Amino acid sequence: METILEVNNVIKQFGGFTALSEVNLHVNKGERLGLIGPNGSGKTTLINCISGAYTDYQGSIRFDGGDITLLKAHERTKRGIARSFQIPRPFSSMTVMENLLVPFAFVGGKDGPEQQKEAMAILQGMGLAEKAFVQSNQLSQVELRKMELARAMAAKPKLLISDEAMAGLSGTEVDEVLEILFDLNKLGITIIMIEHIMQAVMKFSQRVVCLDAGKIICEGTPEIIVKNPEVQRAYLGD
Amino acid sequence: MFSVDLIFEAVLFGILLGCFYAAVSLGLSVAFGLLDVPYVAHPALLILGSYFTFVLSQTGIDPIVCGVLLMPIFFLIGIGFYRFYYETFEKRSSDTGVRGLAFFFGMSFIIEVCLILVFGVDQRTVVASYIGSSLEIGDYRFPYRMLVAFGIALALTVALTLYFSKTFNGRAIKAVGQDEGALRLMGANPVKIKQLAFGIATAVNALAGAMLIIVGPVEPAMDRIYIGRTFCVVVLAGLGSMSGTLVAGLVLGIAESIVMMTFGASWAPAVSFGLLLLMLGVRPQGLFGR
Amino acid sequence: MKYAAYCALILLGFLGLSSLGGINEYVFFAGFVILQFVILATAWNILGGYAGYVNFGVPAFIAVGAYTAVVLFKSMSAPLLVQILGGGILAGALGLGVGLLTLKLRGIFFSIATVAVVFILETVVNNWRYVGGATGLQLTRPQDLWFFDSYTRMLFFVMAVLAVLSVTIARYIQDSFLGRGLRAVRDSEEAAECSGVPTLKIKLIACTISGALMGIAGAPMPMYLSYIEPTSTFNLSYSISALGMPIIGGTSHWIGPVIGALLLATLQQIVTVTVSNELNVLVVGVLLVLFVVIAPDGILGLIKKWKQSSK
């Protein structure tokens, strides 16, 4: 198994508050990794460090054979790391298609008719094809979530980080998004999923990592994690 | 070079001036520092307060009393402003940045031009027993009007700092800028809290405006230089820091005073704006910011 | 090709107008001002409309253009085109500088920094005797009229060329990758960054071009007035106009600032001549606030809505 992402001894502080203390994480190519932890445990901070939203942390991060520690977010995207946001951030003045053309233009370098066809294919895979020319600020919640994933796909990533893509969705909608993520993984994309919906995480992940108060407290298969007393304490309190 | 005496006098004057600058920036510290509203119309409302004081004082009432009397009116104006801003801009997301800024900038100009149309471009002053004479201690002269402004400024700063740390509403205001969710859980309505904060910020402007016209003559275009002074103080202090406002004001006051003494009054406007740019470039979170 | 044809036609029209005899010189004076606002509004919109960063310090860039022209003229009798080029380059450099300082911060800090630059530069100019300081400087226009009947007519045509140039640049940006990236930055800077958009670089480019165009708008002013002085050059009213015109016209398309500028600048000329100078700032201010509140997409937005409802 080849390592695609290495997070080495990452420490992130905000003023006097330590959000991440010496986090070490390896992710294998093609893996489905679940990242869980109670609110405030540092999940989104960790993701922000990996995606490059934060670049002022200690430690190092290696991706796909190269050191990306100091790279800005857009440079990491060009190297193959894509993410969706907890609260969707559509380019609201643009149509769905135009949203996807942004990563095509800036990561792939082209946004012509060929890319538009590719974009349509991505949208079809997500069930969004009919909304391609609708302005993105008119989409429903689940459609916005799907568009986030579609836009991340337009960047042709090797690693996709899904940040609570299912929060607030109904049962069937959760299944829809889960299926999309499974399909993407079948294409060979490594996926890190952050979720609070435990069934989804357990169903999806090959391996789960649990964070609490900025530290990794447990790592293993879903079955192991669920039975781990540390994890139970983190979620339910003493 | 300059004598120690001259420098000392400049510093003393700077302290008085600085306290005054802190007081006129308090409203902005709340509106922009705590609530994150791009309240560039703050200096224009300050000048408006001065002109209202001028008009009211024509009836013979002492200017400071005028300022205090105007506070409830300005409180209501502030609530109205925030309500309007919230309904029109904050509620509908996206692109609020440009529209909100453009709105307050436009209001600034409208206020300034209306003042010109009504009062003309000439300077206006008020009269009071303490304006015109000075307190003499040894070789130094402290104009009474500066001392009065200093006193009021100090009182205002202390009052606001206590309000924000001791009362429920005050602490809620401090909290709402950082964590609206938590506030909702406590049963407080964030919108009402922000309204209150804005009302207070604008009410403070009324009294600050009175101080402004006590300290010196005012003219409609003064809001422009006060954009520099007030934003300099707020940025220097650091967003969200009330007590920092006083320190920042003092820094600006002393800096301006010394520059005026060394290079002349024509360089004074550049001090606040220059200091502002310096802070933005070197340490944008200010001296005490979060 | 269609656009180029329109531009050629427009320029020919201006050429014809400038050569027509029997027209009151005031028409060319007013026309100069209106064209200047077309350039300013277009320039402002490149950063403000496309990227969402609000420049309050328009007069600083105009002044850099104007005073660079003065220095070039006074020191080496530089011809008009060199003055304009120099003014544009230095104003662009100012845009780059302000951008480097503040575009990493939130939008409002950029806006406040632009105001700061106005006051600092004004203070510097006030104390700079070579360019006349606070009292200003008289300038003698050179005799070089090309083939026009008066210097004013020549400047009028030059402004027309500059206006067409600015709008062409704005149109090119809008339809290019740069435009796409700027729109993404305006809608969500975070998402843009994660979609591969080099947000800081793009903002700096827009800021530099915007500043340079404003400098180009300011550079012919000293020759136009035969005079330069700080108070009117650094007047913040330029900001409210340069900001109001695109917002009123519509910020999403290059034609918005043109519509806004033509309408408002003409209105301003009428108001100034018939009523008063202060009132014309009030008119822009009130219209700006009205549009920002009621019709944020400007006249272009209103036209779009009207078209959709009549379908």
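This is a predicted model: local features need pLDDT of at least 70, side-chain atom pairs count only at pLDDT 80 or more; totals for chains, interfaces and linings use all residues.
Local features here need pLDDT of at least 70 and side-chain atom pairs count only at pLDDT 80 or more, while totals for chains, interfaces and linings use all residues. Residues are numbered from 1 along each chain as its sequence is written, chains are lettered from A and ligands numbered from 1 in the order in which they are written, and side-chain values use heavy atoms, leaving out hydrogens and water.

User: How are α3(A) and α5(A) oriented to each other?
Analyst: Helices here are DSSP runs (H or I, at least four residues), numbered from the N terminus. For α3 (residues 96-108) and α5 (residues 141-154) of chain A, the axes come within 7 Å and cross at roughly 30 degrees. Angles under 35 degrees count as roughly parallel, over 145 as roughly antiparallel, 65 to 115 as roughly perpendicular and the rest as oblique, so α3(A) and α5(A) are roughly parallel.

User: Which residues of α5(A) meet α3(A)?
Analyst: Contact means heavy atoms within 4.5 Å. On the α3(A) side we've got V96(A), N99(A), L100(A), P103(A) and F104(A). Their partners in α5(A) are M147(A), A150(A), R151(A) and A154(A).

User: What is the orientation of α1(B) and α10(B) to each other?
Analyst: Take α1 (residues 4-34) and α10 (residues 242-263) of chain B: their axes are 5 Å apart. They pack at an angle of about 140 degrees. That angle therefore makes α1(B) and α10(B) oblique.

User: Is Q268(C) buried or exposed?
Analyst: You'll find Q268(C) in helix α13 (residues 255-274) of chain C. Buried means under 20% relative accessible area, exposed over 50%, and partly exposed in between (1.4 Å probe, protein chains only). Q268(C) has a relative accessible area of 7%, so Q268(C) is buried.

User: Which residue's side chain makes a polar contact with the side chain of Q268(C)?
Analyst: Leaving aside neighbours within four places in sequence, Q268(C) is in contact with F37(C), S241(C), M245(C), N280(C) and V284(C). A polar contact is a pair of N or O atoms within 3.5 Å; within protein, one must be able to donate a hydrogen and the other to accept it, and residues adjacent in sequence count only if both atoms are side-chain atoms. At 3.0 Å, the side-chain partner is N280(C).

User: What distance separates the C-alpha atoms of S241(B) and V30(B)?
Analyst: S241(B) sits in the loop between α9 (222-237) and α10 of chain B. S241(B) and V30(B) are 211 residues apart along the chain, yet their C-alpha atoms are separated by 8.9 Å.

Technical notes:
Axes are lines fitted to C-alpha atoms, for helices over the stretch in contact, and angles run from 0 to 180 degrees between N-to-C directions. Helices (H or I, at least four residues) and strands (E, at least two) are DSSP runs, numbered from the N terminus.
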